[in-house]
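Here is a short report for a first look at this structure. Keep the sequence and the 3D view open while you read.

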Amino acid sequence: MVEPLLRVRDLTKIYSGKGHRIVACEDVSFDVYPGEVLGIVGESGSGKSTVLQCLFQDVVPTSGAAYLTSFEGGERNMFEADRRERRELRTHRMSMVYQNPRQGLNLMVTAGGNVAERLLAADWRRVSDIRAKASDYLVRTEVPIERMDDFPAFFSGGMQQRVQIAKALANNPELVLLDELTTGLDVSVQAGVLDLVRDIQSKYGVTAIIVSHDLGVIRLLADRTLVMKDGHVVESGLTDQILEDPQHPYTQLLVNCVTN
Ligand code: ADP
Ligand code: MG
């Protein structure tokens, strides 16, 4: 039997301040298996990004656990990692492609330099190796190689996302997290970026969690899907099954919006 690569249990994040309490996500549990793409779909505000931010340790969860098989044999909750371990998780084991390229890239460092930064963080040391690897990944994500020494600040949104993807893949992380990868892009550019991700996935078998409010994106990329509403998982299963035979009224609504 194949072991999951990641197990998430009862993940909860509550934002509270003076007079308000926002349940961003509550009791979210799921497994991710090696080589699969897990989709998380739901309308804006349903807690999708919060789940990814907690996993990538950008946000400290209120409660819950996540076990990565390669981290302490999958026995220790990675939310209890100390500073050094957290850094290691973020640089070696996981990577994130953010909705907003500004969060994932340093726009005033060259495209090649952005990928190199990630490799340096992952303890690569030889400059020639780093440069070769960076250009290799930019080629894989179809960033024209003559743009390697240009600043992403002057790239189109689609090209910035390609650089983010190159950076996220560069040191072969076990798990790639992608948040609304194409949401900020022109419709004409979206298809190209989605095709790229699909090609990369089928070529290299990357394990990924893909978050989107767009069921079309999920349909194209995800093997299995979780449907979130108001911070809760309301339905989960094989993507095809969910699309063909949605059980929860909210999922039925989502599916009808796409197919009608
Ligand atoms: P999604 O990605 O599905 O659109 P989010 O995870 O971004 O949803 O947000 C879930 C809920 O948590 C929303 O109600 C949002 O307003 C709230 N939220 C997210 N981040 C914060 C924050 N830093 N402070 C307060 N509330 C937040
Ligand atoms: Mg979001």
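## Aspartate 123 and its partner

Aspartate 123 is partly exposed in this predicted model. Its relative accessible area is 45%. Its side chain forms a salt bridge with arginine 125. The closest N and O atoms of that pair are 3.8 Å apart. Arginine 125 is exposed, at 57% relative accessible area, because exposed means over 50%.

Glutamate 142 forms a salt bridge with arginine 162. Here the closest N and O atoms are 3.2 Å apart. The pair links distant parts of the chain. Glutamate 142 lies in the loop between α5 and α6, while arginine 162 sits in helix α6, 20 residues apart.

Are the two partners buried or exposed? Glutamate 142 counts as partly exposed, at 45% relative accessibility. Arginine 162 has a relative accessible area of 11%. Buried means under 20%, so arginine 162 is buried.

## Helix α6 itself

Helix α6 covers residues 157-169. It has 13 residues, which at 1.5 Å a residue should span 18 Å. The end C-alpha atoms of α6 are 18 Å apart, so the model agrees with that expectation.

The helix is mostly covered: 12 of its 13 residues are buried. Among them are Gly158, Met159, Val163, Ile165 and Leu169. What do the buried residues of α6 pack against? Their partners are the strands β5 (94-97) and β6 (175-179), along with the helices α3 (101-104), α4 (111-121), α5 and α7 (187-204).

Phenylalanine 151 is found in the loop between α5 (127-140) and α6. Its relative accessible area is 31%, so phenylalanine 151 is partly exposed. Together with Met108 and Phe154, Phe151 makes a nonpolar surface patch. The patch has an area of about 340 Å².

## Other salt bridges

How many salt bridges does a search of the whole structure find? The search finds 15. One of them joins the side chains of aspartate 58 and arginine 90, at 2.6 Å from N to O. This pair also links distant parts of the chain, 32 residues apart. Aspartate 58 is in the loop between α1 (48-55) and β4 (63-68). Arginine 90 is in helix α2, residues 83-93.

Technical notes
Residues are numbered from 1 along each chain as its sequence is written. Chains are lettered from A and ligands numbered from 1 in the order in which they are written. This is a predicted model: local features need pLDDT of at least 70, side-chain atom pairs count only at pLDDT 80 or more; totals for chains, interfaces and linings use all residues. Side-chain values use heavy atoms; hydrogens and water are left out. Patches are made of residues with over 30% relative accessible area and no salt bridge: like charges are joined within 9 Å, nonpolar side chains (Val, Leu, Ile, Met, Phe, Trp, Tyr) within 5 Å. Accessible areas come from the Shrake-Rupley method with a 1.4 Å probe; for residues, only the protein chains shown count as cover. A salt bridge is a side-chain nitrogen of Lys or Arg within 4 Å of a carboxyl oxygen of Asp or Glu. Helices (H or I, at least four residues) and strands (E, at least two) are DSSP runs, numbered from the N terminus. Buried means under 20% relative accessible area, exposed over 50%, partly exposed in between (1.4 Å probe, protein chains only). The expected span of a helix is 1.5 Å times one less than its number of residues. Contact means heavy atoms within 4.5 Å.
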